[in-house]
Amino acid sequence: MICSVKQSVTTTINGSDLFLRKRSPAASIRRSSLLLPALHKPERLTLSISKPLHVSSVENLSLRARRDSIKCEAYEAADRSKPVEPDGKAEAAKKVKIGVYFATWWALNVVFNIYNKKVLNAFPYPWLTSTLSLACGSLMMLVSWTTRIAEAPKTDFDFWKALFPVAVAHTIGHVAATVSMSKVAVSFTHIIKSGEPAFSVLVSRFLLGESFPVPVYLSLLPIIGGCALAAVTELNFNMIGFMGAMISNLAFVFRNIFSKKGMKGKSVSGMNYYACLSMLSLLILTPFAIAVEGPQMWAAGWQTAISQIGPQFVWWVAAQSVFYHLYNQVSYMSLDEISPLTFSIGNTMKRISVIVSSIIIFHTPVQPINALGAAIAVAGTFIYSQAKQ
Ligand code: 3PG
């Protein structure tokens, strides 16, 4: 039993992502120091489809396996002589630490969603706001690398080649979600986005030929049914908004599949992988943003937004861009500290936080049947998490 805890090889839960990774404590601390107080954690290897996106070095796997095996024997010996008591203080500290990560992650995500929607209400140009989010994250990371707050990754052509399809999918998923939020309530976009596990299972089943236990398929019924109920009862339904969220779900599933295929054996930390992803996505998105919207529309829209909102509109744009990068980065940091199952539950809880807070802040009209659909969909993702485990 202790052996399995120590080994910390875990399998997926949420339909988001598929990745295999091992991070060094040093990398973890570097990441932590960028935004949050550093929190020590043991090294661990994680296999997950719950969120991001990379494999950072698997070269010492067999050595680790031998070491873990030695640890297991030692613990088993300890088991025979004396039961190992959980350290109450350590447990409590761990819970507090996870609580801090979750609270930070959710709060950053809620703030991003609020400012993103405020900006989109006044300035309905989602292609530009998506581009600015990626530009801001890229700039923050370039500054971090040049000032040595974070260590720059060593990459080669193969790395960028493997990253390209991931970045294409990331770009599509990001811009589609933003287009969705420009057309419908934030809560509606996130209700539909809670259906991502269904996309993951269906793509894995029909395109990759993977099969799952029956309970996993059954768990899709409340997810799909709940999303459908929420969609048909949505008062401000808009087809572009609905399709944007659906395309985002599909794109993020492919992003995860490509990242799993492309990143095996590479040794770039999660933070730097996400930074490179942002930069490549920025390069991909910029010409499309110019083609779809373009400087003339942006200039006219900007003038209108400034005249309606005032100079603080600039701060709204800055806030949505900065918080987009921060919440993504903290979600990566959270993954370093918690199991994928905990992460998946946290991600679902994050959607609840966003749905509830956006309904309150934007006074979104919600019918009881609509709320029931959302509740069923979110509950379905919890059931899916359990079934996948
Ligand atoms: C985006 O703009 O990329 C999406 O809003 C991401 O949403 P998620 O991180 O909650 O899936």
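Helices (H or I, at least four residues) and strands (E, at least two) are taken as DSSP runs and numbered from the N terminus. On that basis the protein chain holds 15 helices and two strands. The structure is a predicted model, in which local features need pLDDT of at least 70 and side-chain atom pairs count only at pLDDT 80 or more, while totals for chains, interfaces and linings use all residues. Residues are numbered from 1 along each chain as its sequence is written.

Of the 389 residues in the protein chain, 47% are buried, a residue being buried if 20 or more other C-beta atoms lie within 10 Å of its own, exposed if 12 or fewer, and partly exposed in between, with C-beta atoms placed from the backbone. Two residues are taken to be in contact if their C-beta atoms, placed from the backbone, lie within 7 Å. Among contacts between residues at least 6 apart in sequence, 92% join residues at least 24 apart.

The ligand is surrounded by Gly-173, His-174, Ala-177, Thr-178 and Lys-193, where a residue is near a molecule or strand if its C-beta atom, placed from the backbone, lies within 6 Å of it. Helix H6 (residues 157-183) supplies four residues, the largest share of this shell. By class, the shell has one nonpolar, three polar and one charged residues; Ala, Val, Leu, Ile, Met, Phe, Trp, Tyr, Cys and Pro count as nonpolar, Asp, Glu, Lys and Arg as charged, and the others, Gly among them, as polar.

Two packed helices are described by the angle between their axes and the distance between the axes. Axes are lines fitted to C-alpha atoms, for helices over the stretch in contact, and angles run from 0 to 180 degrees between N-to-C directions. H5 and H6 pack with their axes 9 Å apart, at an angle of about 135 degrees, and are therefore oblique to each other, given that angles under 35 degrees count as roughly parallel, over 145 as roughly antiparallel, 65 to 115 as roughly perpendicular and the rest as oblique. The crossing of H5 past H6 is right-handed; a crossing is left-handed if the near helix is turned anticlockwise from the far one by less than a right angle, and right-handed if clockwise. In this packing, Pro-126, Trp-127, Thr-129 and Ser-130 of H5 meet His-174, Val-175, Thr-178, Val-179 and Ser-182 of H6, a contact of four nonpolar, five polar and no charged residues.

For helix H8 (residues 196-206) and helix H9 (residues 214-232), the axes come within 9 Å and cross at roughly 140 degrees, which makes H8 oblique to H9. H8 passes H9 in a left-handed crossing, and the contact is formed by Pro-197, Ala-198 and Val-201 of H8 with Val-216, Leu-220, Ile-223 and Ile-224 of H9. The residues of this contact comprise seven nonpolar, no polar and no charged.

Leu-280, located in helix H11 (residues 270-292), counts as buried because 20 C-beta neighbours lie inside 10 Å. Its neighbours within four places in sequence aside, Leu-280 is in contact with Trp-160, Leu-163, Phe-164 and Ala-167. The C-alpha atoms of Leu-280 and Leu-134 are separated by 9.2 Å, although these residues stand 146 apart along the chain.

Positive phi values were also found in loops. Arg-148, in the loop between helix H5 (126-146) and H6, has a positive phi of about 65 degrees although it is not a glycine, and Arg-148 is exposed, with 8 other C-beta atoms within 10 Å. His-363, which lies in the loop between helix H14 (340-361) and helix H15 (368-388), has a positive phi near 50 degrees and is exposed, with 8 other C-beta atoms within 10 Å.
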